[in-house]
Amino acid sequence: MADVPDVVQPVAIGPTWRRGPDGKFVLPAFTLGWQCLAWTGTYLQHHVGAPWRYTSEQARLTLWWYAMDPVSHRFLYRDGVLQRLKGWGKDPVKATWSAFEFVGPCRFGGIAEAGNPWGIPAGQPVGAQHPAAWVQIAAVSQDQTRNTMTLFPSIFTRRALEEFRIDLGKEIIYADKGRARIEAVTSSPRALEGGRPTFTSMGETHHWVESNGGHEMAAVIERNATKSADGQARTLADTNAYEPGEDSVAERTREAWESARSGRAADTGLFYDSLEAPAEALLTEEWIGPTLRAVRGDSVWLDIDRLKASILDIRNPPSRSRRFWFNQIVAAEDAFLAPYEWDACPHEGLQLASGDELVLFFDGSKSDDATGLVGCRVSDGLVVTLGVWQRPANWPDDTPWRVPREDVDGVVERAFAEYRPLAFFADPGSGHDDADGERYWDGYIDAWAQRYGKRLKVKAVTGGANRHAVLWDMRDRRRQQAFTEAVDRFYRDVLERQLLHDGHRVLRQHVANARRRTNAWGYTIGKEHRESARKIDLAVCAIGARMLRRTLLTSATWEKRAKARGKGRVVVLR
């Protein structure tokens, strides 16, 4: 067991916990945050008679979030993410910032002079109230918006209510006879389209996924902020550590920030601040206390003993405890591969070239699961997604959806026209065609065999009356065993970074969705449960394509070709 240090050093992301050479916290040189601290201390309250006061950590966050360019007087950050452990106090902090954006001096109005009434340091910005403030508290459910909206009646002082003529409502709060407002909005992207909010607080974006409209909602909010009249409208998301593989808005935003930090993408002004447990922290009694004290920051109201009891309770999965209380982004215990393991494999800028030799693996479905086609280049094992088809998230529930077979057939035809497929295995799945009772893909798979069979060096079924160039039905026990062995090899290749892939987003998501499932020959992969909306079909295709490449390279046909070319048989089986 690793030695437990007296003080655990958290992983600090963002500027809030950054210290300079003198050991002091680094603060922005020019920020409207000083105005925010002064205004919230004057017009907001913890409870009646107790002026609002941020913790030191929250005050530094405020200074950095409102940091400005000293020349253009524009905010340094166009959007932001606040990621902290559960119970840290994200809702109260974003409520106070929303109140400041609502009726406070939240836009640049000048430069402070010494002895100003607000006590702002000389040379720092002084704010001015927005003439038409429109603040949105956004979430994918009404319950999530309620967490923030219910705070406003208690945090405004009587002075604020009277001076700004605030009319408190449950869904919309008005001020200055309707010239300013705060409203709660949920996942209805079409209703939001076209608005011009001046500030949007996006709550719990780890819950914003495609199935509940979260992706589209985030896109609409971003477009609305971009077209703001003064160019200063901003969005702020709060989140707990997300679950990898859900493809949530929180996951996408973290990946965007990491890409910008590493230089793989342009820096678009994303503020990201998080305090996370180090990787070596264990879920043991010795580690839990010091780790929680490190990641809670200044939120001393969190009861360490109570949290420790929850973490040690065996009814709570370790991955959930790490996400909620250690603020760590970790995969579920039965995950096949973690996203960071997949990302560690070479994938930047890798793609097929016209005329490349490759193998193809197809996994078919009718409607519920995804249908995928993945290629694997023979020369180096590069895995490339050629097509994926799955029911759109916004498809009406009362309208049947079927995988468009003609579109799939077109992609297969293009693959054979542009590249040189040497083997093609296709699993038809179990879906049946409503018209004639045959399996949904049988007719197309037969057509592919007739059309391309002579070009294929390895056939799916070679002997007996059922021989077939393409049909590879995974319900057969021998094929289940072969696929199970391929799963283990695929896993080891990824961990050893011996697998190349094209970085396709949906393939990455399906790999992250896959769970380990045991069978008679070891472990294979499956969905988290039978009715899960988290698809894994492209992961199946990728494993199948790597398996098929190995089958080709170890075949007698390939050995004969190598000898005929006079090159011997030197093959690197990556």
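Visitor: What should I know about the model before I start?
Guide: It is predicted, so local features need pLDDT of at least 70 and side-chain atom pairs count only at pLDDT 80 or more, while totals for chains, interfaces and linings use all residues. Residues are numbered from 1 along each chain as its sequence is written, and side-chain values use heavy atoms, with hydrogens and water left out.

Visitor: How many helices and strands does the protein have?
Guide: Helices are DSSP runs of H or I with at least four residues, and strands are runs of E with at least two, numbered from the N terminus. Here there are 19 helices and 18 strands. The C-alpha trace spans about 90 × 55 × 45 Å along its principal axes.

Visitor: What share of the residues is buried?
Guide: Buried means under 20% relative accessible area, with a 1.4 Å probe and protein chains only. Of the 574 residues, 54% are buried.

Visitor: Which residues touch the most other members of the largest nonpolar core?
Guide: In soluble globular proteins, nonpolar side chains tend to be buried together. A nonpolar core is a set of buried Ala, Val, Leu, Ile, Met, Phe, Trp, Tyr and Cys residues joined through side-chain atoms within 4.5 Å. In this 60-residue core, they are Trp97, Phe102, Phe152 and Phe156. Helix α3 (residues 90-103) gives the most to this core, with 7 residues.

Visitor: And where is the second core?
Guide: That separate core has 43 residues, including Leu337, Ile525, Ile536 and Leu538.

Technical notes. Buried means under 20% relative accessible area, exposed over 50%, partly exposed in between (1.4 Å probe, protein chains only).
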